[in-house]
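Dear colleague,

I am handing over the structure we spoke about, and you will find it just below. My notes on what was found in it follow, and I would be glad if you read them with the model open beside you.

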There are 2 protein chains.
Amino acid sequence: MEIKVLKKVLGANEDKARQIRQLLAEKQVLMVNLISSPGSGKTTLLEQTLRALGERYRLAVIEGDVATDKDARRLQPFNAPIVLINTEGGCHLTAPSIERALQELDLDALDLIFIENVGNLVCPAGFDLGEQAKIAIVSTTEGDDKPAKYPLLFRQAQLVILNKIDLLPYVNFDKAQFYENLITLNADVPVLETSCTTGQGLEGWFSWIDSKLNRAKAQVLT
Amino acid sequence: MEIKVLKKVLGANEDKARQIRQLLAEKQVLMVNLISSPGSGKTTLLEQTLRALGERYRLAVIEGDVATDKDARRLQPFNAPIVLINTEGGCHLTAPSIERALQELDLDALDLIFIENVGNLVCPAGFDLGEQAKIAIVSTTEGDDKPAKYPLLFRQAQLVILNKIDLLPYVNFDKAQFYENLITLNADVPVLETSCTTGQGLEGWFSWIDSKLNRAKAQVLT
């Protein structure tokens with residue numbers, strides 16, 4: 001009986017995700033879903049991104065958090081609309097919660113929506129939110145074994161950001177091992193090595209966004 | 001309908017946890033449940049602990065992992081029995097899975113069982129495993145806001161380990177802010193500042209174990 005209910009919930013999520021993806025395609029809005037452990041640097045990455053690209057693109061953030069509005073408040077200074085989904089203990093965002101969040105945004109006035117999922121490497125990977133790309137962020141301080149240990153996310157990711165690269169000299173992290181683990185799961189996924197505190201490697205992230213947005217617009221126009 | 005099923009599952013978990021707690025009290029075995037984000041240092045803490053206390057106490061480990069036996073293999077050299085629970089994507093351990101794991105251990109020949117839960121700050125906090133203490137591990141690299149952002153775990157923890165204290169000079173981590181966040185949730189919880197790579201602060205952790213074990217034995221004897 002539990003399995004039937006679970007299937008129903010997952011099926012409803014998939015249906016809703018499909019509708020969201022179609023809506024965003026019609027509106028020519030790109031939406032990406034940032035997934036990582038707690039404290040890997042998602043919010044700091046968004047601070048840097050809103051600061052750097054806020055003039056170039058019309059940005060918005062959907063912020064998923066278990067309990068507080070701390071991350072949402074960190075992003076308030078950047079003049080992009082922010083919708084906070086407080087999951088009240090829930091361990092991941094769902095497509096229905098994203099649908100409700102999108103109703104708070106003017107999609108005709110946006111190019112790109114960032115979803116900051118709940119800090120969790122396990123559950124968010126199982127839920128399609130209607131995004132065009134899942135982005136896995138993992139920091140050097142978490143260890144080189146993370147792709148192998150949390151394979152679902154790394155298998156699905158369209159981009160992997162290896163963050164806190166500035167801390168590499170101080171931690172036990174074997175980069176060759178990390179890439180080997182990752183490539184076994186997802187052979188062609190691009191990887192960006194970044195430090196969101198020093199700014200190292202962020203140009204690559206901004207270029208990835210440029211490229212994705214250019215492609216999205218071209219597909220609609222042609 | 002979904003809520004009814006969820007209650008049934010949680011109720012069954014609570015019943016099983018109570019039975020486990022009673023069994024362990026009869027057998028005079030202490031069991032502690034280590035919970036943290038991925039990569040906070042649970043396995044490294046266990047390596048250090050099995051190395052340091054393996055002569056003093058009869059130890060065992062129940063290892064929860066989403067997909068691999070990597071952590072279990074890291075603990076194999078230490079001559080303590082290890083039971084691996086592979087959750088096959090599941091985001092936390094449950095009391096029924098612990099009951100099955102305990103059947104693989106000779107409880108009459110043990111003093112202390114460590115549970116290494118799945119790396120996740122959200123879901124494991126909601127499931128009683130019949131342990132005598134939940135221990136929250138958080139590393140300085142994850143940021144000082146973690147207690148406030150993941151309150152359920154930090155509210156329940158009987159001990160908090162602030163790990164990777166050796167990386168403090170290289171990260172943005174406001175210790176006063178961390179303690180303030182934590183104390184709001186759990187006023188009296190002891191906090192140990194450790195580095196599992198340099199060994200700093202581990203004596204405090206070993207003393208905590210000594211004290212817990214002495215108390216457990218005394219309670220049974222008097």
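**The core around Phe154(B)**

Phe154(B) touches Ala136(B), Val138(B), Lys146(B), Pro147(B), Val160(B), Leu182(B), Leu185(B) and Asn186(B), leaving aside residues up to four places away in sequence. Please keep in mind, here and throughout, that this is a predicted model. The largest nonpolar core has 46 residues, and those that touch the most other members are Phe154(A), Val160(A), Phe154(B) and Val160(B). The elements that give two or more residues to this core are, in chain A, strand S5 (133–139), helix H6 (151–156), strand S6 (159–163) and helix H7 (175–185), together with strand S5 (133–139), helix H6 (151–156), strand S6 (159–163) and helix H7 (175–185) of chain B.

**How the two chains are related**

Chain B is superposed on chain A by a rotation of 180° with 0.0 Å of shift along its axis, and the RMSD is 0.0 Å. That is the relation of a two-fold axis. The same surface serves both copies, in that 100% of the contact residues of chain B recur in chain A.

**Two loop residues in chain A**

Thr68(A) is found in the loop between strand S2 (59–65) and helix H3 (70–75) of chain A. Is Thr68(A) buried or exposed? With a relative accessible area of 15%, Thr68(A) falls under the 20% cut-off and is therefore buried. Its side chain reaches the backbone nitrogen of Lys70(A) at 3.2 Å, and, not counting residues up to four places away in sequence, Thr68(A) touches Leu84(A) and Asn86(A) as well as Ala148(B) and Lys149(B).

Gly199(A) lies in the loop between strand S7 (191–193) and helix H8 (202–221) of chain A, and Gly199(A) is partly exposed, with a relative accessible area of 28%. Gly199(A) and Asp166(A) are 33 residues apart in sequence, while their C-alpha atoms are 9.7 Å apart in space.

**The second largest pocket**

The second largest pocket has a volume of about 740 Å³. It is lined by 38 residues, of which Gly143(A), Asn172(A), Gly41(B), Thr44(B) and Arg74(B) are the closest to its centre. Helix H5 (146–149) of chain A gives two or more residues to the lining of this pocket, as do helix H2 (42–53), strand S2 (59–65) and helix H3 (70–75) of chain B. The largest share of that lining, 6 residues, comes from H2(B).

With best wishes

Definitions and conventions: Residues numbered from 1 in each chain as written. Chains lettered and ligands numbered in written order. Predicted model: local features only at pLDDT ≥ 70, side-chain atom pairs only at ≥ 80, totals over all residues. Heavy atoms only, no water. Least-squares fit on C-alpha atoms with pLDDT ≥ 70 in both. Contact = heavy atoms within 4.5 Å. Helix = DSSP H or I, 4+ residues; strand = E, 2+ residues; numbered from the N terminus. Buried < 20%, exposed > 50% of the residue type's maximum accessible area, 1.4 Å probe, protein only. Polar contact = N/O pair within 3.5 Å; in protein donor to acceptor, adjacent residues only side chain to side chain. Core = buried A, V, L, I, M, F, W, Y, C linked by side-chain atoms within 4.5 Å. 1 Å grid on protein atoms, 1.4 Å probe; cavity = no way out; pocket = protein on both sides within 12 Å on 5 of 7 lines; lining within 4 Å. Points joined across faces, edges and corners; volume = space filled by probe spheres on them.
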